[in-house]
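Have a look at the model first, then read on.

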Amino acid sequence: LVNLPGETAAVVTCLDGSQRAELAVPAAAELAGRLGAEVVLVRVVPDAAAGPGSGGVPELAYLNDVAERIGGVPVAIDLVHDREPARAIAEYASDHDDTIVVMATHGRGGLQEFVLGSVAREVVHQADCPVMVVPPRTGDRSGLRRR
């Protein structure tokens, strides 16, 4: 990442609503602080969730809650409507210059990952920007303040 004057680098952090996904947030915030970048919390929701009356309000509330628990760096939030999370994340990163994606993995490996598939693995293969994958940790060490 090169942060040129007048440009803001983005550390895109992908969240699915799980505590495991939130393990990537402290790593993203630390990286953003070192780079002088902003953290962009992104949640991919199926197109059906964007139907009449929904508007993604619960998803936005969740992202705002996580954003409020991050300190020391600028934070933005965004919803992406798509049925394929890996493709959506890779395309989102491609559409935004000077981006690195940070996401957690569920820690599946070997044959289990091959059989079950992995959004993180697919993003690594599809994205045209750097992708940092944060492994799972034992217990709640997310570094986020809990409410």
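## A buried aspartate and the sheet beside it

D82 counts as buried, because its relative accessibility is 12% and buried means under 20% relative accessible area, exposed over 50% and partly exposed in between, with a 1.4 Å probe and protein chains only.

Before going further, a word on ground rules. This is a predicted model, where local features need pLDDT of at least 70 and side-chain atom pairs count only at pLDDT 80 or more, while totals for chains, interfaces and linings use all residues. Residues are numbered from 1 along each chain as its sequence is written, and side-chain values use heavy atoms, with hydrogens and water left out.

Back to D82, which sits in the loop between β3 and α4. Helices (H or I, at least four residues) and strands (E, at least two) are DSSP runs, numbered from the N terminus. Setting aside neighbours within four places in sequence, D82 is in contact (heavy atoms within 4.5 Å) with V44, V45, P46, D47, R87 and A88. Its side chain also makes the polar contacts in the table; a polar contact is a pair of N or O atoms within 3.5 Å, and within protein one must be able to donate a hydrogen and the other to accept it, with residues adjacent in sequence counting only if both atoms are side-chain atoms.

| D82 side chain to | Distance |
|---|---|
| backbone nitrogen of E84 | 2.8 Å |
| side chain of R87 | 2.6 Å |

Now for the sheet. It's an open one of 5 strands in the order β3-β2-β1-β4-β5, with parallel pairing; two strands pair if DSSP finds at least two bridges between them. The edges are β3 (75–81) and β5, each pairing on one side only. From one strand to the next, the twist averages 25 degrees. Axes here are lines fitted to C-alpha atoms, for helices over the stretch in contact, and angles run from 0 to 180 degrees between N-to-C directions.

Which strand residues does V102 of β4 bridge to? On one side the partner is T13, and in β5 the partner is M132. Strand β1 (residues 10–14) pairs with β4 in the parallel sense over 4 bridges, and 4 bridges also join β4 to β5 (residues 131–134), again parallel. Strand β4 (residues 99–104) is mostly covered, with 6 of its 6 residues buried. T99, V101 and M103 point one way from β4, while I100, V102 and A104 point the other way.

Helix α3 lies across β2 (38–45) and β3, running at about 155 degrees to β3. Helix α4 (residues 85–95) touches β1, β2, β3 and β4, and its direction makes about 145 degrees with that of β2. The buried residues of α4 are A86, A88, I89, A90, Y92 and A93, and they pack against β1, β2, β3, β4 and α6 (119–126).

In helix α3 (residues 57–68) you'll find L60. L60 is partly exposed, since its relative accessible area is 31%.

The chain averages a pLDDT (the predictor's confidence in each residue, from 0 to 100) of 80, and 73% of the residues score at least 70. Over residues 111–117 the pLDDT is below 50, and this stretch has 6 contacts in the model beyond near neighbours in sequence. Residues 138–142 stay under 50 as well, with 5 contacts beyond four places in sequence. Where pLDDT is low, the predicted coordinates should not be read in detail.
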